Structure formats: C-alpha cells, structure tokens
Amino acid sequence: MAQQLKPELKQFLDAGTIIPAHPLALTADRKLDEAQQRLLTRYYMAAGTGGIAVGVHSTQFEIRDPGINLYEIVLRLAAEEIDKVGLDRPFIKIAGICGPTKQAVEEAQTALKYGYDMGLLSMGGLQGWTEAQILERVKTVAAVMPVFGFYLQPSVGGRIFSYDFWLKFSEIENVEAIKVAAFNRYQTLDVVRAICNSSRREKIALYTGNDDNIVADLLSTYRFEVNGVTVEKEFIGGLLGHWAVWTKASVQLFEELKACKANGYANMASLLSKGLQVTDMNAAIFDPAHAFHGCIPGIHEVLKRQGLLKGTWCLNPDEQLSDGQADEISRVCKAYPGLIDDEFVTDFLKLNKN
C-alpha cells in the first residue's frame, strides 16, 4: 500500500509554499561536515520555509556513488534536525529520488524510513529510456510514496519530454505535484497545458523550479480551453536551488507575491521589476555564462560568505567557481541589498553556535 500525503500536508502543499533545495556541507578534504549540515537545516526552518528537499541536485548527485554513500546519511541528519526543532506548523520533507527503477524504489523506501513525505523524482540519467519506460518507473515509485514530478533542464542532466508524456504523467495516482525546472518557456507551457487537460488537474500542485523566471512564474495565470471550459492553473509555490541562499529574503518576497495575488494583483509591476533583480542574482550564483558549471559552488560561495558553510568544496573536485563568478556574486549583493539576508543570518548564527 503506497504511502499517502497526510491531508494537512496536502492542503499546505496545494496552498503554495517555499521549499529550498538543501546543499551539502563538506570539509576541506571533501568529507561530510555534519555540524554545518545540521546548521543549514536549522537555518531553513528558522527562515520560515515550508519544507526542504534533500538528496536533490543541490545536494550533489555524487552522494549516491559507491565509496561516498551519503544519501541515507543526509536524509537522516535533516530528519533528525526537523524532529529536534519540533515546529508547530506544517513542514514538508522531500527526498530526491534518482536512477533506474530498482534504485528509485530503494531510495523511496529509505526516504520513508526517515519520515519523508514526498519523493522528488528525477528523470535525469535515463537518456536511453523511452517515455513509456519512464512513465512505468513513475508508476512504480508512486506505488511506494507520493511523487513530486521534476522536469530538469538538459544542461544539468535532464532531458526534454513531450506534451503527451506530461499528460500521461499527470494521470498517475499519487503524483501530487510537479516541479518545472525546464528554464524554457515552451517546455514549461507543455507541462502546464498537460496538467490542465488531465482528469487529475485539481489534484496536482504546480511548483516552479525555473530559477531564471521565479517571480514571473509565481505571478502568472495559465488559461486553456478544455472541452469547452476555461481551465486555469498557477504556479503556487517553488522548489528551488535559488532559495537555498538568501532564504529569509526569499520567504519575505514570496509573502509579497501571495499578498499581491490576494489583492487583485496590486503592485504587480513593481514585483515584476524585482523579479528581474532576482534573475540577475540567480545568474551570478547559477553561472549560465559558463553553462551552469558553477551553480553548486555558487550556492556554496554565498553560504560561505555568510558563515553557514566553511568552504565551497564539492564532491567532484572539478566543480569550482567559474572565472569572474565571485565578482558577480559581490556585484549583485551590492546592487540588491533588499534581496539578501545577511543580518538575519548573523543573528541566527549567534543563537546557533556549534
């Protein structure tokens, strides 16, 4: 019997929330820094996020490699910190799930072992599979735990899928949400239109992973004619690597966006301008100028400067900041002081000395 999402968490997910993709804290010799890893989890809770996603791209896919084997450990550490804090509000624990069907099922079972609510199911690394084979894999994982679908852009290991794929994907029971991280308006449109044409459209929460278009995604309403009826769908939240940094400021911006929509889209022009600033900041950390080579070190650099990480080290020694990337991060921090949370982090660290 598949685990189902608890009704209160389903209601919370469907209302929309902010979910950062959890990074990996390492020492200089590229071993897990458990104290900093736990500190990061506490930071995201203190910042007011509605959940975290662990074992995902930002946590580095290499955690699954033989000889590293950190997947279960990072899931356990995050779960322990969440239990320790004992929040009196909903908080969704999401585990990244990868690989062929057998591996994906094993990872889902590991996630359940530590009380995770959903699995963010990556379709990356399956380049030789047909869409039909991947859909069968989704059904198999959904028979274990609730699935958060994931459209990952090709430049970081994903692949392009057809409209028909997403239509069939949306019909799978226990798929509760889909994250669109295509970084492409055409492909984003495919997913939203497919959900709207699905019989399960009311059951699937749409979350943005388009770090290049966060604010515009969250302010847009999609409308399609389906069997003579106008169907609307909105991105109601996000699961984002960008939200792993400057998180308190991101939570505040998200609340502004929700208030804008609740008040007839008042102040939308100002927020769209702010959205362009967010995209500029994202370009500095995600490094599209170098085909996203420095995206994970970019996240680490911000956290290091704030004292939440001790270095930018990645499991893959070749993953380092690109030339000029550190200067770009300095530029955007200076340009957009209202979108960083240095003061909050300073206060947080005073209360959370290791």
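Is R305 buried, partly exposed or exposed? R305 turns out to be partly exposed, with a relative accessible area of 38%. Keep in mind that this is a predicted model. Here's a quick tour of its sheet, its nonpolar cores and its salt bridges.

**The sheet**
- Eight strands make up an open sheet with parallel pairing, and the order is β1-β10-β7-β6-β5-β4-β3-β2.
- At the edges sit β1 (18-20) and β2 (51-54), each of which pairs on one side only.
- Leaving direction aside, neighbouring strands in this sheet are turned by 25° against each other on average.
- Helix α1 (residues 7-15) packs on the sheet and touches β3 (92-97), β4, β5, β6 (175-181) and β7 (205-208). The direction of α1 makes about 55° with that of β7.
- Zooming in on one pair, β4 (residues 118-121) and β5 (residues 147-152) run parallel and are joined by three bridges. L121 has G149 as its bridge partner in β5.

**Nonpolar cores**
- The largest nonpolar core has 101 residues, and the members touching the most other members are Y116, W166, F169, I178, W246 and L308.
- Take I178: leaving out residues up to four places away in sequence, its contacts include F148, G149, W166, F169, V191, I195 and Y207.
- There's also a second, separate core of 21 residues, with L5, L9, A181 and L239 among them.

**Salt bridges within a helix**
- The count of salt bridges comes to 22.
- R305 pairs with E301 through their side chains at 2.8 Å, N to O. Both lie in helix α11 (residues 295-306), four residues apart, or about one turn of the helix.
- While R305 is partly exposed, E301 counts as buried at 7% relative accessibility.
- E80 and R76 have a salt bridge of their own, at 3.1 Å from N to O. These two lie in helix α3, again four residues apart and about one turn of the helix.
- Both of those side chains belong to partly exposed residues: E80 has a relative accessible area of 31%, and R76 has 26%.

**A salt bridge between helices, and a network**
- E81 forms a salt bridge with R42, with the closest N and O atoms 3.1 Å apart.
- Because E81 lies in helix α3 (residues 71-85) and R42 in helix α2 (residues 34-46), this pair ties together parts that are 39 residues apart in sequence.
- E81 is buried, with a relative accessible area of 0%, and R42 also counts as buried, at 19%.
- Through shared partners, salt bridges join E34, R38, R42, R76, E80, E81 and K84 into one network.

Key
Residues numbered from 1 in each chain as written. Predicted model: local features only at pLDDT ≥ 70, side-chain atom pairs only at ≥ 80, totals over all residues. Heavy atoms only, no water. Core = buried A, V, L, I, M, F, W, Y, C linked by side-chain atoms within 4.5 Å. Buried < 20%, exposed > 50% of the residue type's maximum accessible area, 1.4 Å probe, protein only. Contact = heavy atoms within 4.5 Å. Pairing = 2+ DSSP bridges. Axes fitted to C-alpha atoms, helices over the stretch in contact; angles between N-to-C directions. Salt bridge = Lys/Arg side-chain N within 4 Å of Asp/Glu carboxyl O.
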